[in-house]
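I opened this notebook to record what I looked up in the structure, entry by entry.

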Amino acid sequence: MALLAACGNDSGGGGNAAGNPDALDGRGEITFATGKDTSGNMVKLVDKWNAEHPTEKVRIVELPESADGQRQQMVQNAQVKSDAFTVLNLDVVWTAEFAANKWVVELPQSQFQLDKFLKPAVDTAKYRDKLYAVPVYSDGGLLYYRKDLLDKAGVQAPKTWTELLSACQKVDALPEATGMECYAGQFEKYEGLTCNFSEAVQSAGGSLLNAEGKPTLNTPEAKAGLNVLVQGFQSGAIPREAITYKEEEGRRAFQAGKLLFHRQWPYQWALANKTDGSSQVAGKFDVAPLPGQTSGGSSTLGGHNFAISSFAKNKATALDFIKFFTSEENEKSNLIATSQAPTLASLYEDAELTKQFPYLPTLKDSILSAKPRPQAVKYGDVTSAIQENAYAALTGAKTPDQALADMQKKLEELTAQ
Ligand code: GLC
């Protein structure tokens with residue numbers, strides 16, 4: 001029988017991984033398992049913590065770059081009840097799976113001022129109304145575009161796919177556009193494809209599941225959404241190599257000046273604006289909401305939450321480390337260093353920050369209008385079914401109709417369980 005969580009007990013000692021796994025006690029060294037630190041700022045914040053907490057040092061365990069690779073290592077670790085990872089940097093879509101399997105502990109809601117966080121981000125950290133993680137940064141998809149070239153061609157940022165394709169044609173006529181491609185997103189077979197597929201379906205007015213949680217992939221909207229991507233590949237508006245793009249491959253192409261439009265998360269803003277020679281497009285781009293079929297589209301809700309492994313020692317230190325990361329001061333410094341989306345609502349209202357990061361209002365709208373991906377305990381199976389079938393359609397291995405029919409069938413099985 002699960003014991004009640006003992007909150008805020010920092011009685012010291014070596015932790016009680018062998019005792020009550022829900023108790024948040026024990027102080028000392030911990031680890032922090034997180035995906036590849038593309039900005040380098042994670043290390044800086046951890047160094048700051050370590051300088052302030054010499055007896056409770058945090059060691060970063062760097063996991064793979066792709067979301068699926070990170071999940072796989074965390075799941076394997078949890079399945080053998082290993083204490084190797086203390087704080088887990090969870091993708092927002094994994095909360096249900098980790099909470100239902102009791103791989104992470106329930107957190108005391110009263111110790112976090114949850115009303116100060118963006119509500120959609122807080123919702124991703126809960127399972128059955130209980131808090132299992134704390135939102136550290138949110139994510140909303142944005143349409144990055146080359147403002148310099150659009151201005152030169154006399155076109156506005158597109159609101160629809162048709163406008164986007166027509167903008168590409170107009171820019172294509174400019175000498176500066178030689179060798180450039182029109183559009184890319186994340187189309188490799190991994191979580192990023194689930195995001196891009198969901199957004200394509202949403203852009204046509206559809207959804208993956210309806211309000212009752214039943215799959216809705218056998219709809220004209222889902223077909224219209226998938227067809228935008230399939231036809232994009234067929235026509236060459238999406239370059240062939242984009243089928244191998246995760247976030248970082250696409251970012252490198254955008255920064256090299258090879259893409260006119262790129263669907264990407266906010267972290268690209270800071271990196272693509274670097275003036276140290278790593279980006280050819282610093283100061284030349286802007287962002288807009290994602291395009292839709294007849295009017296603007298919407299993003300899938302992304303982001304990352306920190307949770308505490310049930311099998312770890314020193315959970316009191318882990319809890320403080322999460323509080324440290326989500327303090328206003330550290331969220332603000334993370335925004336300034338990385339342009340990742342903060343989870344504290346106040347930072348979107350800060351006039352100085354908005355001046356420095358003019359994309360903040362567009363980003364806030366992207367997050368507040370974003371649609372969550374399915375919140376499933378078997379999320380790994382759900383996303384595999386989406387990835388495999390969307391990928392098969394994009395590569396021509398299945399017709400869009402077949403891919404959607406197979407996806408629908410698989411998701412019906414999974415949601416019926
Ligand atoms: C970003 C998002 C995350 C999403 C992932 C897909 O990290 O924050 O929610 O699952 O990209 O690649």
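Entry 1. I began with glutamate 176, which is partly exposed at 36% relative accessibility. I note that the model I am reading is a predicted one. I then looked for the partner of glutamate 176 and found lysine 152, with which glutamate 176 forms a salt bridge. The closest N and O atoms of the two are 2.3 Å apart.

Entry 2. I turned next to glutamate 191 and arginine 373, whose side chains meet in a salt bridge at 2.8 Å, N to O. This pair links distant parts of the chain, 182 residues apart. Glutamate 191 belongs to helix H7 (residues 191-203), and arginine 373 to the loop between H14 and helix H15 (379-394). Are these two residues buried or exposed? I found that both glutamate 191 and arginine 373 are buried. For glutamate 191 I noted a relative accessibility of 4%.

I also listed what surrounds glutamate 191, leaving aside neighbours within four places in sequence. The contacts of glutamate 191 are Ala67, Asp68, Val93, Arg373, Tyr379, Thr383 and Gln387.

**Entry 3. Further salt bridges.** I looked up lysine 246 and glutamate 249, and their side chains meet in a salt bridge at 3.0 Å, N to O. Lysine 246 has a relative accessible area of 18%, and since the limit for buried is under 20%, lysine 246 counts as buried. Glutamate 249, at 22%, is partly exposed. I then searched for salt bridges that share partners, and I found that they join Arg27, Glu56 and Asp320 into one network. How many salt bridges does the rule give? The count comes to 19.

**Entry 4. The two domains.** I asked how the protein is divided, and I found domain 1 (17-140 + 301-368) and domain 2 (142-299 + 375-416). Their centres, taken over C-alpha atoms, are separated by 27 Å. I looked at where the domains meet: 28 residues of domain 1 are in contact with 23 residues of domain 2.

I wished to state the size of this interface. The size of an interface is often given as the accessible area lost when the parts come together. Domain 1 and domain 2 bury about 2,100 Å² between them, and 65% of this area is on carbon and sulfur atoms. I searched the interface of domain 1 and domain 2 for salt bridges, and the rule finds zero. I did find five residue pairs in polar contact between the two domains, counting pairs with both residues at pLDDT 80 or more.

I then asked which elements supply the side of domain 1 that touches domain 2. Helix H2 (67-79), helix H3 (95-100), strand S6 (134-140), strand S11 (301-308), helix H12 (328-338) and helix H14 (360-368) each supply at least two of its residues. I sorted the residues of that side and recorded 13 nonpolar, nine polar and six charged.

**Entry 5. Residues with positive phi.** Most residues other than glycine have a negative phi. I therefore noted the exceptions that I came upon. Lysine 81, which is not a glycine, has a positive phi of about 55 degrees. I located lysine 81 in the loop between H2 and strand S3 (87-91), and at 58% relative accessibility lysine 81 is exposed.

Serine 339 is not a glycine either, and I recorded for serine 339 a positive phi of about 60 degrees. I found serine 339 in the loop between H12 and strand S12 (341-342). Serine 339 is buried, with 0% relative accessibility.

**Entry 6. Valine 43.** Valine 43 is partly exposed, with a relative accessible area of 40%. Leaving aside neighbours within four places in sequence, I noted that valine 43 is in contact with Asp37 and Ile60. I also looked up the separation of valine 43 from alanine 370, 327 residues apart along the chain, and their C-alpha atoms are separated by 29 Å.

Terms used. Residues are numbered from 1 along each chain as its sequence is written. This is a predicted model: local features need pLDDT of at least 70, side-chain atom pairs count only at pLDDT 80 or more; totals for chains, interfaces and linings use all residues. Side-chain values use heavy atoms; hydrogens and water are left out. Domain bounds come from an automatic or database domain assignment. Contact means heavy atoms within 4.5 Å. Buried area is the accessible area (1.4 Å probe) that two parts lose on being put together, summed over both. A salt bridge is a side-chain nitrogen of Lys or Arg within 4 Å of a carboxyl oxygen of Asp or Glu. A polar contact is a pair of N or O atoms within 3.5 Å; within protein, one must be able to donate a hydrogen and the other to accept it, and residues adjacent in sequence count only if both atoms are side-chain atoms. Helices (H or I, at least four residues) and strands (E, at least two) are DSSP runs, numbered from the N terminus. Ala, Val, Leu, Ile, Met, Phe, Trp, Tyr, Cys and Pro count as nonpolar, Asp, Glu, Lys and Arg as charged, and the others, Gly among them, as polar. Buried means under 20% relative accessible area, exposed over 50%, partly exposed in between (1.4 Å probe, protein chains only).
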